[in-house]
Amino acid sequence: MTEEMLKALPDARGHFGAYGGRFVSETLFDSLLTLEREYKRLKDDPEFQAEFDRDLAHYVGRPSPLYFAERLTRETGGAQIWLKREDLNHTGAHKVNNTIGQALLARFLGKKRVIAETGAGQHGVATATVCARLGLECHVFMGEEDIRRQSPNVYRMKLLGAEVHSVTSGTRTLKDAMNDAMRDWVANVDDTFYIIGTVAGPHPYPLLVRDFQSVIGRETRQQSLDRTGKLPDALVACVGGGSNAIGMFYPFLTDESVELYGVEAGGLGIETGQHAAPLSAGRPGVLHGNRTYLMEDENGQIAGTHSVSAGLDYPGVGPEHSWLKDIGRAHYVSVTDDEALDGFRKLTRVEGIMPALETAHAVAYAIKLAASMDKDKMVVINISGRGDKDMQTIAEIDGIEV
Amino acid sequence: MSRIEGVLKSLKGQGRKALIPYITAGDPHPDQTVDLMHTLVDAGADIIELGVPFSDPMADGPVIQRACERALKHGTSLRQVLAMVKTFREKDDATPVVLMGYLNPMEAMGQEKFADAAVDAGVDGILTVDLPPEEADEVAPLFTARNLDAIFLLAPTTTDDRIRAISEHSSGYVYYVSFKGVTGAGKIDVDEVAAKVAHIHELTALPVAVGFGIRDAATASAVGRVSDGVIVGSVLVDTIARNQADPDQLKRALTDLLHPMREALDSLAS
């Protein structure tokens with residue numbers, strides 16, 4: 001892939017090849033045009049960028065380390081495994097990079113009220129956090145099922161001053177939270193900024209979330225060159241909507257020697273249908289404002305999903321990933337709930353780093369991948385978030401009362 | 001001339017306003033939909049908007065979302081909805097039917113196959129809530145070639161440039177969404193609607209039908225005064241939900257709701 005190819009996308013209508021676009025009801029259209037216009041202007045505004053960089057450095061705590069997982073490498077017995085430590089960011093996940101960027105946009109556009117949707121709660125916590133800091137009113141939509149699974153994060157959001165709206169429609173998970181956030185947005189479009197947490201949704205969201213998250217890959221690239229004198233051979237990141245993966249991949253897209261692996265939630269196994277892996281086992285369709293790979297039935301109804309991790313439990317994926325899949329630049333694979341749990345336990349025990357259950361999918365796949373590679377190769381896992389929020393889920397699975 | 005255009009022209013010639021009820025196909029049960037469509041016509045409907053149920057109706061409120069859930073529980077598919085229209089046409093060859101829904105079920109069928117099947121069933125227009133004209137360049141020519149009217153939404157937030165552009169892509173009528181919000185929410189501000197509709201009339205020659213927030217004869221009459229037609233949705237669907245146990249009672253309830261609106265609209269003509 002060439003620089004020129006990359007720069008041409010998304011096109012003027014927000015398309016990545018056949019994917020992306022702006023499939024929304026008319027009421028929202030003008031807001032999306034305004035957001036796109038203002039973002040394009042601010043993107044090249046040195047003052048805006050300087051403020052974003054300053055916040056990333058002093059509030060988020062960037063750059064995050066690139067850590068050589070020596071024991072895990074030795075136990076795996078293959079390629080060197082390195083960890084990009086997004087779990088060390090303020091609030092404990094990569095999500096905060098994007099919420100800082102979008103909250104600055106919200107302030108610039110004069111919006112006083114912010115809404116967000118969340119699955120595992122990491123994006124909700126990150127949004128509530130930046131809203132607290134900037135004095136913005138914050139409403140977070142979360143599926144009833146996810147509220148149950150992620151109660152520590154729900155409490156965190158409330159402590160931060162956010163109002164958490166329990167979503168009881170549909171499957172009561174992330175997709176329904178996104179539906180309700182969009183409904184709120186239509187009703188309050190004049191004074192409300194919608195901070196979308198992933199690289200999906202109508203244009204320009206996939207573009208701006210990717211831009212704000214690309215700091216992950218830029219740092220990884222530089223750190224890798226500084227520490228090892230070369231680029232990594234493979235990057236591995238989990239993919240729900242795909243924001244941590246695109247943030248990691250994007251600055252490497254023109255480095256053809258670097259293999260990219262996005263790891264979807266295989267749930268109980270792709271063959272069971274109980275999973276959340278649209279790129280591995282879905283087909284293109286239209287949902288939540290963009291055309292992308294989806295999990296749907298033969299009549300075009302969106303399918304129910306299953307994943308042990310609330311953050312990956314989503315039937316769609318960002319449109320740029322759909323494009324990367326089709327052109328073959330990135331590989332999309334899946335691991336099951338059980339494999340992810342093994343990955344969680346392994347990293348926790350061997351390196352003393354407890355990954356989020358989302359991240360554990362990437363860990364599980366990277367261990368398999370590294371084992372199949374030569375010892376002089378280098379694999380980087382994006383440790384997108386920390387696992388404290390998932391202790392309750394793990395304890396339940398283990399039959400332990402916490 | 002399309003069936004929709006014909007009906008709207010004829011109404012205009014009589015100085016009358018179009019009454020356009022919406023129901024979700026398959027709600028409360030797929031077996032009842034055709035019967036309910038005839039009931040709506042008997043009660044005074046000029047055009048029927050028939051909702052295609054979708055699992056994620058983002059632009060709709062809880063009333064219509066629950067209708068979609070009821071319909072999907074009985075397995076109502078787009079294929080079945082088209083079959084319902086075909087059955088409806090056996091007894092009614094005059095009343096235009098507009099399919100209203102979301103893009104994904106239509107894409108899943110295949111756009112060309114869908115367009116063919118819609119014409120074959122006797123559908124007159126397609127309104128896809130999450131398809132702005134900017135994304136319609138593939139499907140719009142398929143509709144045009146088959147004389148299917150493409151109906152697009154206008155909203156309070158739509159700028160003048162977009163009103164012109166959307167109208168150029170539309171045929172039949174344009175659907176003005178009376179307030180910022182989802183179906184079944186909020187209260188209509190008739191003065192605001194009147195001003196905006198008058199402005200839309202300056203920018204397009206197409207008839208303007210107004211939906212969202214019309215729930216009784218009084219609001220129908222107030223909105224009918226300033227528009228070419230009124231679209232009534234959530235209040236009908238709510239009536240269906242409340243009377244789903246008794247099909248005969250349900251028909252009576254729908255008639256009782258729609259008939260006064262018909263009379264109120266017609267009293268504007270005299």
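The report below covers the basis of the model, the interface and the salt bridges.

## Basis of the model

This is a predicted model, in which local features need pLDDT of at least 70 and side-chain atom pairs count only at pLDDT 80 or more, while totals for chains, interfaces and linings use all residues. Residues are numbered from 1 along each chain as its sequence is written, chains are lettered from A and ligands numbered from 1 in the order in which they are written, and side-chain values use heavy atoms, with hydrogens and water left out.

## The interface between chains A and B

Contact (heavy atoms within 4.5 Å) involves 36 residues of chain A and 37 residues of chain B. The two chains bury about 2,900 Å² between them, 47% of which comes from carbon and sulfur atoms; buried area here is the accessible area (1.4 Å probe) that two parts lose on being put together, summed over both. Of the area that chain A buries against chain B, Glu26(A), Arg183(A) and Gln301(A) supply 24%, more than any other three residues.

Across this interface, 20 residue pairs, both at pLDDT 80 or more, are in polar contact, that is, a pair of N or O atoms within 3.5 Å, where within protein one must be able to donate a hydrogen and the other to accept it, and residues adjacent in sequence count only if both atoms are side-chain atoms. On the side of chain A that touches chain B, at least two residues each come from several elements, including strand S2 (19-23) and helix H2 (26-43), and H9(A) gives the largest share, 7 residues. Helices (H or I, at least four residues) and strands (E, at least two) are DSSP runs, numbered from the N terminus.

## Salt bridges across the interface

Between chain A and chain B there are 5 salt bridges, each a side-chain nitrogen of Lys or Arg within 4 Å of a carboxyl oxygen of Asp or Glu. One pairs Arg13(A) with Asp137(B) at 3.4 Å, N to O.

Another salt bridge links Asp56(B) and Lys175(A) at 2.9 Å, N to O. Asp56(B) lies in the loop between strand S2 (48-51) and helix H3 (62-73) of chain B, and Lys175(A) in helix H9 of chain A, so the pair joins two chains. Both Asp56(B) and Lys175(A) are buried (buried means under 20% relative accessible area, exposed over 50%, partly exposed in between; 1.4 Å probe, protein chains only).

## A salt bridge within chain A

Arg210(A) and Asp211(A) form a salt bridge, with their closest N and O atoms 2.9 Å apart. Arg210(A) is buried at 3% relative accessibility, and Asp211(A) is buried at 15%.
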